[in-house]
Amino acid sequence: MALFSVEDLRVTFGRRGRTTTAVRGVSFAVEPGRTLALVGESGSGKSVSLLGATGLLPSRAEVRGSALFRGADLTRLSPARLRAIRGRHIGFVFQDPLSNLHPLKTIGAQIGEAVTAHERVGRAALRRRVLDLLGEVGIKDPERRIDDHPHQFSGGMRQRAMIAMAIALNPELIIADEPTTALDVTVQASILRLLRRLQEAHGTALIFVSHDLAVVSDIADDVVVMRDGEVVEAAPAAELYAAPRHAYTQALLGAARHGRALVRSPEPPESEQPGQQSERQSGQRAESAPLLRASALHMSYRRPGRKESFTALTDVSFDLREREIVGLVGESGSGKSTIGRIVAGLARPTAGSVSLRGEVYNAPGDVRLPKSLRPAVQVVFQDPYGSLNPRRTVAATLAEPFVVNTDLPAAEIRARVEALVARVELPQSVLHRLPAQLSGGQRQRVAIARAVALEPSVVVADEPVSALDITTQTQIVALIRRLRAELGTSFLFISHDLGVVADLCERVVVLNQGRVVEQGPVHRVFDDPRDPYTRELLDSIPGRVAHV
Amino acid sequence: MRRHIAGHAARALATLLAVLVITFAMTRVAYRNPAAVLAPRNATQETLDGITRALRLDEPWYLQLWHYLYRGPDIQGAPMGLFNWPPALGYSFRQQRPVTELILSKIPVTLSLALGALVIWMTLSILFGVAAARRPDSWVDRILSALSYAGLSVPTFLTGILLSYFLYFTLSTYGIRWFPSSGYVGITENPFEWARHLALPWLTIAVAEIGIFQRVVRANMLDVLGSDYIRTARAKGVTERRVHFGHALSAALNPIITLGGLELAALMGGAIVTEQIFGLDGVGRLAVEAAVGGDFPVVIGTTILAAAIFVVSTFAVDVVTRLRDPAAR
């Protein structure tokens, strides 16, 4: 008999007339000791269905259907009985371990509470149990770390602490909701190993929610693929990866394979001019003078209240040639975004300089970018929600570069804005909309349109696809490739996603702790990494060896 | 942290000095001839000039300020000079007493009034705010919100008069004399009488403050209750009571502490209306009487006291909120 089975679950939000349905009749089940992966893009209803089944949604959500856990229907239990099951019989691990830990309470107190919520334990005994738990999830030197606050832990350690809370009372089921999405790849790999080890040691059943088929490929026994609040396909993992039946699963799997396998796909024919392609293959461009050159960049910050300054970049040099897309990869904190900000002229380096066509435009002591150069370097940011002014229509946002930098008459600006919208493949109807009325992918297209409005030589794209779904990601990558072909723009493409970089970039610069550890053509670096850090980064990509 | 405190203290002193100079200048403009206040009614011009000279009121304002700060003329044996030890704030012309002594005699009343009201309004605001945030838009929330808007909208003098009408006058017509209408008994004399005499003034202040604080507590609680770590607490099986009071409230408390410190400081500078209604002889009343009667040393003294309390209170709030934040500690 299934340990936990959800049948025909429906979740609606809102009240009286204005409701949205997030989950429409979802069923799945997990057997004791097995692992079920719930996969789908954001908004597919995978988290909502689990939170709804366990009573963790806010009260404005209405949950129907049934969620049987060891024979009891969780959707009908009283709040008190449901509370007695959560934590004791079902443990939870959530996505972002920083926002999921109480900022003012110590790690030890928060783990201890998972025990004291269900058992009466003496103070000394509790401390011993928490220390054991911290040891079990691989926190080094638990005695010293138990009284730390969450901000003193790294992302990976926080997620280990979350896992310690989930396993505190040895529950029969652990629900892990995107537990590795907020983490760097190397950390992600270690957290996945930890979850698998704990599961084997305790015989726990696991429901693993992810947007990424590749991540779950290593651990899932069964896979349920969701889309728009419905299950599109459910199958044992081996079957699903070998022969996906539903077209959507095939697309997801294709996207995962495409990115993860690190094999360059042939460029779509319409996006490259023939001459250019041959030029690239012959390697002629290697000899031409670089368009943009960053030489020996150093960056250090003085932190308030501390004596020693923090060094973000040490001796970073690289070139960007005409019509080239260079990837800047590294984990969070490696200095990628700092480089992007310096290249875009938004920050001054402590030492070193950046030059465009031989002319230095950003060096220590410069107060602002020369006005003539400002349109030449543009930026696209990661979060299309935060980087567009929520009170300006798309038309107003896109007109601004022309208004600020040119003397064009209003009619001409309007014509150019319309052309821009067409160029990034958006319908003209978006012009009068506000960012809130657009999807994430549409917003990122607007942000890209704004960046290429004045046909800049260089666009710095700082994690432009990281906040997007995998299908939208593929579309935006294709758009960047096409814009490069049409406008001849060079891109500095900052990403932590090696798959996307392998797919899009000609050359790649690998950063670790503010230093360039390796740079070169993507093929060379990814197929034959010379630096141990690059190798580690590549090995951490999930699903690289297994099914995908 | 230590450097932060030092910087804060320096800014605080600069603020106080600025307040002092501005108040001093304003009293020079507002009150023409203090000698006339001090002199007997039938004094001759000669006597007036004598007093003016003795008080050195004929000197330029900056010298007068200097005397005020450092070694001014003694008046009837009371020294002057804020920078002397013990600091002296001058001499009240009307009450014929040193200002320092005068203020110190009023502080117990004002302090009792402000602190007692603080305890009542904070306790009730937190209870009402948490109760409202538990189920937003429920009938509990609606009733509590309506009550706090009412408390906020009714002016203090009306609250005071209504409370004293119903809880003093009406009750006493039935022979129940729980609350006196006015007066003050020191806490050291008789703690019970102290509380009994202050009960109505405390309630008067609390009604207005609850109107603000219940809303602030509710809004901050709702904000925090939507955060991920509250869901984590629920996922651990923590009881709702602990979720609200143990997890959410501790995270929602900072803005409430900040606002509470400011309101407390404002009250300690003198709860003028409340003191007036209930015949409490506190700092507020002293300040009003001095301002009306042209007793400018008292005006300056009470203003500096209020400013100093404000500065100390914002400083205390800053230290407390920093100590509560493990990342800033």
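Student: How many residues of domain 1 of chain A are in contact with residues of domain 2 of chain A?

Tutor: Please bear in mind that this is a predicted model. The domain assignment places domain 1 of chain A at 4–260, while domain 2 is made of 269–287 + 323–348 + 375–539. Contacts join 12 residues of domain 2 to residues of domain 1, and the number on the side of domain 1 is 12.

Student: Which element gives the largest share of the side of domain 1 of chain A that touches domain 2 of chain A?

Tutor: The elements that give two or more residues to this side are α7 (185–202) and α10 (247–260) of chain A. The largest share amounts to six residues, and it comes from α10(A).

Student: How do the residues of that side of domain 1 of chain A divide into nonpolar, polar and charged?

Tutor: The side in question is the one of domain 1 of chain A that touches domain 2 of chain A. Its residues comprise three charged, five polar and four nonpolar.

Student: How many residues of chain A are in contact with chain B?

Tutor: On the side of chain B, 18 residues take part. On the side of chain A, α2 (79–85) and α3 (107–116) each supply at least two residues. The residues of this side of chain A divide into nine nonpolar, eight polar and five charged. The number of chain A residues in contact with chain B is 22.

Student: Why is helix α9 of chain B described as largely enclosed by the rest of the structure?

Tutor: A residue counts as buried if 20 or more other C-beta atoms lie within 10 Å of its own. In α9(B), this holds for Tyr229(B), Arg231(B), Thr232(B), Ala233(B), Arg234(B) and Ala235(B). The helix, residues 228–235, is largely enclosed because the buried residues number six of the eight.

Student: Which elements do the buried residues of α9(B) pack against?

Tutor: The packing of these buried residues involves elements from both chain A and chain B. The partners are β6 (90–93) of chain A and α10 (240–268) of chain B.

Student: Which residue just after α9(B) takes a positive phi?

Tutor: The phi in question is about 90 degrees. The residue that takes this value, just after α9(B), is Gly237(B).

Student: What percentage of the residues in chain B are buried?

Tutor: Chain B contains 13 helices and two strands. Of its 329 residues, the buried ones make up 35%.

Note on methods
Residues are numbered from 1 along each chain as its sequence is written. Chains are lettered from A and ligands numbered from 1 in the order in which they are written. This is a predicted model: local features need pLDDT of at least 70, side-chain atom pairs count only at pLDDT 80 or more; totals for chains, interfaces and linings use all residues. A residue is buried if 20 or more other C-beta atoms lie within 10 Å of its own, exposed if 12 or fewer, and partly exposed in between; C-beta atoms are placed from the backbone. Helices (H or I, at least four residues) and strands (E, at least two) are DSSP runs, numbered from the N terminus. Two residues are in contact if their C-beta atoms, placed from the backbone, lie within 7 Å. Domain bounds come from an automatic or database domain assignment. Ala, Val, Leu, Ile, Met, Phe, Trp, Tyr, Cys and Pro count as nonpolar, Asp, Glu, Lys and Arg as charged, and the others, Gly among them, as polar.
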